[in-house]
4 protein chains.
Amino acid sequence: MDHTDVKTLFDANIDNSSLSIKQQSVLKASLILFAEKGYENTSTQDIAKLAGCAEGTVFKHFKTKDALLKAVLDPFVNDILPQVIVDFLKDLSGQPEEHFAVLLRYAVRDRIKYIMENRQEMRIFIQEIVKNPSMLEGLTSRLVLVIETSVNQVFSCYQARGELVDWDAMRIIRTISGVLLGYLIPNIVMSSKPLDVDETTNEIVEFLLQGLVPAEARDEAETR
Amino acid sequence: MDHTDVKTLFDANIDNSSLSIKQQSVLKASLILFAEKGYENTSTQDIAKLAGCAEGTVFKHFKTKDALLKAVLDPFVNDILPQVIVDFLKDLSGQPEEHFAVLLRYAVRDRIKYIMENRQEMRIFIQEIVKNPSMLEGLTSRLVLVIETSVNQVFSCYQARGELVDWDAMRIIRTISGVLLGYLIPNIVMSSKPLDVDETTNEIVEFLLQGLVPAEARDEAETR
Amino acid sequence: MDHTDVKTLFDANIDNSSLSIKQQSVLKASLILFAEKGYENTSTQDIAKLAGCAEGTVFKHFKTKDALLKAVLDPFVNDILPQVIVDFLKDLSGQPEEHFAVLLRYAVRDRIKYIMENRQEMRIFIQEIVKNPSMLEGLTSRLVLVIETSVNQVFSCYQARGELVDWDAMRIIRTISGVLLGYLIPNIVMSSKPLDVDETTNEIVEFLLQGLVPAEARDEAETR
Amino acid sequence: MDHTDVKTLFDANIDNSSLSIKQQSVLKASLILFAEKGYENTSTQDIAKLAGCAEGTVFKHFKTKDALLKAVLDPFVNDILPQVIVDFLKDLSGQPEEHFAVLLRYAVRDRIKYIMENRQEMRIFIQEIVKNPSMLEGLTSRLVLVIETSVNQVFSCYQARGELVDWDAMRIIRTISGVLLGYLIPNIVMSSKPLDVDETTNEIVEFLLQGLVPAEARDEAETR
DNA sequence: AATGAATGAGGGTTCATTCAT
DNA sequence: CATGAATGAACCCTCATTCAT
């Protein structure tokens with residue numbers, strides 16, 4: 001059930017690119033300021049000041065302020081976020097001999113941890129989606145495809161064993177992610193204390209299991 | 001269980017104020033554009049153009065672009081949203097002879113309907129919260145107060161009858177609103193088709209009941 | 001030596017014109033605000049507010065903000081100020097049997113009193129002159145004419161009696177008004193306490209006499 | 001009696017600051033236009049046009065139009081003007097073996113020359129004082145301090161020698177500056193020909209001596 | 001006559017972006 | 001590569017002025 005822990009977005013950026021130190025600090029400054037004040041309320045002068053460089057330097061590598069936003073979000077949106085979700089599904093389907101409940105707990109915990117580690121990117125991502133929902137279209141359609149082609153059969157395995165409610169895969173995924181988002185978004189958005197991972201996992205999983213696992217299987221799991 | 005249906009925010013605005021027709025159209029245009037493009041990406045010139053008036057007119061009544069945002073959101077934040085929650089609680093506490101499940105369904109349905117009727121305000125509200133979470137502080141602290149003082153006893157009544165899981169009131173509320181938000185926010189934000197109220201209510205309530213109502217009571221309710 | 005005391009400008013305006021009460025209060029408000037904040041920093045809205053009328057009313061009688069300024073200043077510049085100066089010269093030339101020193105004291109005192117009574121108009125006048133000196137041209141050329149034609153002979157009378165220094169009339173007038181302005185302008189401009197008339201008169205006259213009255217005549221006057 | 005001639009304000013600005021050429025021309029243009037049309041009647045676009053740069057450039061160094069005014073006036077108000085007055089007093093106290101009359105002539109001449117060299121700054125300064133007299137408060141209080149602490153004894157030396165009228169120092173200073181202002185302000189404000197320095201000095205000094213120097217000492221000086 | 005909503009030109013200011021150094 | 005002065009379009013807002021009521 002092991003898979004490489006997803007690195008935080010920023011480190012990923014640093015590794016993958018051949019940016020100079022100055023450019024890296026520009027990227028880091030953008031991340032911080034976009035998350036804190038929003039894209040439109042962050043001036044390139046602000047970025048330069050926080051990055052400790054001249055305004056011109058901001059534009060040397062990233063031709064445009066918008067390109068800077070893309071540089072911050074694109075790996076998140078195009079690479080990391082999908083990967084996270086794919087991993088999530090892999091978690092859920094990985095070890096058929098395990099109970100669904102166990103897998104769910106693992107997968108949920110992993111996702112919460114990941115999201116908490118990338119709260120800033122998430123904040124920016126949410127801000128942008130709220131303003132421009134079409135950003136999501138590409139992402140969701142890809143996910144729908146993945147879910148419909150590959151998850152169906154995985155879930156039906158658990159459903160056959162009576163460990164998973166007899167809904168279609170999309171509704172199950174929608175429910176899980178809905179509850180997850182309902183818990184996490186308020187926390188991400190209100191930048192207060194960053195949520196205790198274990199506690200939240202417990203609360204969410206406990207609740208999800210009520211709705212997703214038929215009573216008999218649940219009893220069995222609990223007496224285990 | 002009847003109580004006056006909350007009017008949509010915008011109509012409420014129109015009714016309550018003595019704004020001229022032009023000023024009303026300014027407000028309406030702001031609502032549309034803020035929801036569509038976001039506050040910072042909407043210029044006062046855009047608003048004037050859509051409202052069919054001169055730019056100066058925008059500022060005649062609303063001294064500031066920011067005041068315009070407040071004029072759009074304030075009733076939502078200060079009056080209507082809390083009222084919604086109070087109504088919600090009134091629903092839950094009003095008819096003790098009813099099963100919790102019935103009340104929950106009614107309350108959830110009402111709230112979904114209300115939010116769907118004010119999707120634009122919601123969009124703007126969400127955008128602003130994401131950018132400036134401190135906006136929420138006043139609101140949440142007020143709500144916490146209401147919940148802690150008045151909801152506890154209401155819930156304990158149902159809990160005594162075995163119709164409600166034995167959590168503290170805050171966790172129950174958090175769960176309900178979490179699931180609600182998890183369903184609604186994605187829909188509001190992605191301005192696609194506006195969610196079928198009945199269908200969504202069913203799906204949410206069905207799921208919530210699994211987690212909130214002990215199995216025995218649930219069985220009883222279903223055989224009714 | 002008596003002549004009707006010059007009324008304050010504002011009362012003069014009221015008397016001479018057939019303005020409605022509202023229009024009079026517009027004029028009064030303009031006077032106050034122009035003097036206090038300057039012409040350009042006073043908006044017609046400010047004027048309307050202080051006058052207790054609608055913005056449109058300000059323009060009903062005075063077609064233009066500039067016309068309002070003219071309405072405030074014109075009587076001062078065209079009628080009253082010249083009249084004051086003519087009176088001043090009349091004072092100086094009125095009673096040949098009197099000593100020049102006595103006349104000077106009376107004339108100076110009268111002018112100080114008048115200017116103190118019209119400090120607001122003076123403030124506005126000074127502000128406008130400073131910005132647009134060409135305003136003065138018409139005024140000064142008229143005064144030069146008056147002085148050269150009528151004052152010369154008056155002064156030469158005193159000069160013949162040895163009571164007045166043997167300068168040409170222009171220089172004498174220039175000196176008197178220079179010293180007067182040097183004392184009064186700073187006080188008018190710095191709106192502090194409005195200068196004690198008697199004390200200031202004494203100080204100015206005493207000093208002027210040193211320079212304008214030959215020593216012998218001065219001694220004689222003092223032993224009187 | 002020599003002391004370094006005070007440079008004109010503008011050159012001083014150029015020397016002391018590390019402004020780019022464009023910024024210097026912005027400052028120069030502001031000086032010209034503020035003096036010519038007044039602060040409020042000068043738009044930043046006017047300044048840019050005269051300075052030969054874009055409007056944004058005006059704000060690159062001087063964050064605000066008001067800051068531009070301060071940049072023009074501050075050295076005048078805070079450094080140069082006080083220095084001029086201190087120098088003036090130094091002149092008067094510098095050479096006790098000289099007659100007061102000689103010193104006065106030198107000092108007056110120097111001040112007239114200086115003010116004529118900075119007519120534009122003076123015009124702006126006067127305009128601002130007229131609109132906002134509180135600007136002067138700091139300046140005058142500082143000057144009063146200097147005069148009261150250091151000038152008294154200087155003057156009393158001349159007074160002991162019978163070369164200076166027996167007034168308190170403040171009144172003497174007030175008289176001198178009053179007469180100076182009475183002569184100079186009208187000329188500065190009416191931007192006509194810039195006053196012949198020697199002629200004006202003669203006229204002012206001659207007149208001042210009448211009032212400030214007792215007759216005996218005066219006779220002596222004249223027969224010298 | 002008086003009103004005040006409406007106007008639109010113009011104001012100061014910000015900002016992403018460019019380019020000579 | 002990095003700089004930061006320069007740019008000018010666009011922004012929010014003010015204001016004198018008009019006009020239907």
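Guide: Let us begin with a single contact: in this predicted model, a backbone N or O atom of G56(B) lies 3.5 Å from a base nitrogen of DNA strand E. In chain C, a backbone N or O atom of G56(C) is placed 3.1 Å from a base nitrogen of DNA strand E. A side chain takes part in a further contact, for a polar side-chain atom of K60(B) lies 3.2 Å from a base nitrogen of DNA strand E.

These contacts belong to a wider surface. Of the atoms of DNA strand E that come within 4 Å of the protein, 61% belong to sugar and phosphate. By class, the residues of the surface near DNA strand E comprise six nonpolar, 19 polar and nine charged. Several helices each supply at least two residues of this surface, among them helix 4 (55-61) of chain A, helix 2 (21-37) of chain B, helix 2 (21-37) of chain C and helix 3 (44-51) of chain D.

We may now turn to DNA strand F. It is surrounded by 34 residues, and the closest are T57(A), K65(B), T44(C), K65(C) and T57(D). Sugar or phosphate accounts for 63% of the atoms of DNA strand F within 4 Å of the protein, and bases for the rest. A polar backbone atom of T44(C) is 2.7 Å from a phosphate oxygen, and a polar backbone atom of T42(C) is 3.4 Å from a phosphate oxygen. From chain D, an N or O atom in the side chain of T57(D) is 2.6 Å from a phosphate oxygen. The surface near DNA strand F consists of six nonpolar, 19 polar and nine charged residues. Among the helices that each supply at least two of its residues are helix 3 (44-51) of chain B and helix 2 (21-37) of chain D.

The protein chains also touch one another, as chain B and chain A show. Their contact takes 35 residues from chain B and 35 residues from chain A. The area buried between these two chains is about 2,900 Å², and carbon and sulfur atoms give 66% of it. Across this interface there are six salt bridges; in one of them, E203(B) pairs with R174(A), with the closest N and O atoms 2.5 Å apart. Eight residue pairs across the interface are in polar contact, both residues being at pLDDT 80 or more. On the side of chain B that touches chain A, helix 2, helix 7 (119-131), helix 8 (134-160), helix 9 (169-189) and helix 10 (197-212) each supply at least two residues. The largest share, 10 residues, comes from helix 9 of chain B. This side of chain B has 15 nonpolar, 10 polar and 10 charged residues.

Finally, consider how the two chains are arranged. The same surface serves both copies, since 100% of the contact residues of chain B recur in chain A.

Definitions and conventions
Residues numbered from 1 in each chain as written. Chains lettered and ligands numbered in written order. Predicted model: local features only at pLDDT ≥ 70, side-chain atom pairs only at ≥ 80, totals over all residues. Heavy atoms only, no water. Near = heavy atom within 4 Å. Polar contact = N/O pair within 3.5 Å; in protein donor to acceptor, adjacent residues only side chain to side chain. Helix = DSSP H or I, 4+ residues; strand = E, 2+ residues; numbered from the N terminus. Nonpolar A, V, L, I, M, F, W, Y, C, P; charged D, E, K, R; others polar. Contact = heavy atoms within 4.5 Å. Buried area = accessible area lost by both parts, 1.4 Å probe. Salt bridge = Lys/Arg side-chain N within 4 Å of Asp/Glu carboxyl O.
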